[in-house]
Amino acid sequence: MRLCFNNFLFAFSFALDCVEKDYFHTASFHGKRVAYLSMLLGEYFQLDKNQMNDLIGCAILHDNGLTENYKYTDSVTENEFLKIHCVAGEENISYIPFFKNAQNIIKYHHEMANGEGPFGLMTSQIPLGSQIIHVTDYIDVNYHLHNMSEDEFNNMCEDLKKLKNIHFDEKIIDAFLQTITYPYIQQCQNDLNQLLNYNIHNIYHDFTQSEMLAICRLFARIIDNKSPHTKSHSIGVATKAAQMSLYYGYDEDLMLEMFFAGAMHDVGKLVIDRDVLEKPAKLTDQEYTYMQTHAYYTYKILNDMDLGDIVHWSSYHHEKLDGSGYPFGKVADELDFNDRLMACCDIYQALTENRPYKEALSHEKTIEIMRNMVKMNKIDGRIVEDMNKVFKDLK
């Protein structure tokens, strides 16, 4: 499969910003603001093209480990929390072959100049990229860059001077004060895609099968870890889609695309507040309507990544043949075979896994329910009967 570096980063940034906004109430476009300011500092330090790509990419993805450890926030110290999140984030980007020399940039982006960070490193041990992201992340979390006045900007700069050689190395603060002027902060109040695009080259990468499988598992883990109630759901749907692709004789490339579509089908749930995702009781009508928007956001995120047919195979998984599904109300003639297949894989996986409000159903009971849905013209009967053959044999 072929992916564009920019499309990948910006689409994933949108999803991560929603996660961070949910957990820590940061303003929208946090990742892109951190990336933009980091880019300016990278220019100050005269980073070359590859170093700049790594810096901006890591800045956009610096909080990608958040969904894996938010549940620990009440039981660990701040440094322990930061360490868990940084280790997870570093491990996650190791699956992504875009980054050539980005080792430890995300892992150490919360280290402090005085050695009191989560790993206890001193300045000389901390990568420059980590130090740049640390200061830009810090100011965006602690100040209101999205609507900052010039007086507030000047006060922030005075605050930063007091943190020299405590939070941040002196050279980082000096670089910030010389480089980041108030007009640049005003730029942070806009959509930064265009400004970042000038400095990130449109690198297209042809992923091998093993690389794509690794990225699928990365996305599935980030998605499913937002709510422990659906742990392993995405990878389960992806596996079912691949098993059915094998049954239908799909070639290796198409089977991989179906696996990717299954792994990504719930990426829109990163946008949904976890209070709704994790509600153990039945959702209200308003909450259910809100939950349904996740399928639209799956469409938006994947469409921004320019993934071709994978976009609708993933995002139409709640559409129904009679037009009663969501988010687009598609009818039978508008749903191709793989759209229908992904919907059936999602239903089968959901029914056969444990949830807080139900125990996993047997294969036989699941097929019975799905056959009833066929009678109501909701899902494809041929696929249901084929799934009965394939998954019954796998039991």
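How are helix 17 and helix 18 oriented to each other: roughly parallel or roughly antiparallel? The model under view is predicted; local features require pLDDT of at least 70 and side-chain atom pairs pLDDT 80 or more, while totals for chains, interfaces and linings use all residues. Residues are numbered from 1 along each chain as its sequence is written, and side-chain values use heavy atoms, with hydrogens and water left out.

**Helices 17 and 18**

Select helix 17 (363-375) and helix 18 (381-394); helices are DSSP runs of H or I, at least four residues long, numbered from the N terminus. Their axes are 9 Å apart and meet at an angle of about 175°, each axis being a line fitted to C-alpha atoms over the stretch in contact, with angles between N-to-C directions running from 0 to 180 degrees. The two helices are therefore roughly antiparallel, a term for angles over 145 degrees.

Next, display the contact (heavy atoms within 4.5 Å). Helix 17 contributes His363, Ile367, Met370, Arg371 and Val374, and helix 18 contributes Gly381, Val384, Glu385, Met387, Asn388, Phe391 and Lys392. These residues divide into 6 nonpolar, 3 polar and 3 charged; Ala, Val, Leu, Ile, Met, Phe, Trp, Tyr, Cys and Pro count as nonpolar, Asp, Glu, Lys and Arg as charged, and the others, Gly among them, as polar.

Within this contact, select Glu385 and Arg371, whose side chains meet in a salt bridge at 2.9 Å, N to O. A salt bridge is a side-chain nitrogen of Lys or Arg within 4 Å of a carboxyl oxygen of Asp or Glu. Glu385 lies in helix 18 and Arg371 in helix 17, so the pair ties together parts 14 residues apart in sequence. Glu385 is partly exposed at 32% relative accessibility, as is Arg371 at 34%; buried means under 20% relative accessible area, exposed over 50% and partly exposed in between (1.4 Å probe, protein chains only).

**Further salt bridges**

Move to Arg340 and Asp380, a salt bridge with its closest N and O atoms 3.1 Å apart. Arg340 lies in helix 16 (residues 337-351) and Asp380 in the loop between helix 17 and helix 18, so this pair joins parts 40 residues apart in sequence. Asp380 is buried, at 12% relative accessible area.

Then select Arg382, Asp386 and Lys389, which a network of salt bridges links. Finally, show Lys269 and Asp266, paired by a salt bridge of 3.4 Å, N to O; both residues are buried. The whole structure holds 13 salt bridges.

Terms used: Parallel < 35°, antiparallel > 145°, perpendicular 65-115°, else oblique.
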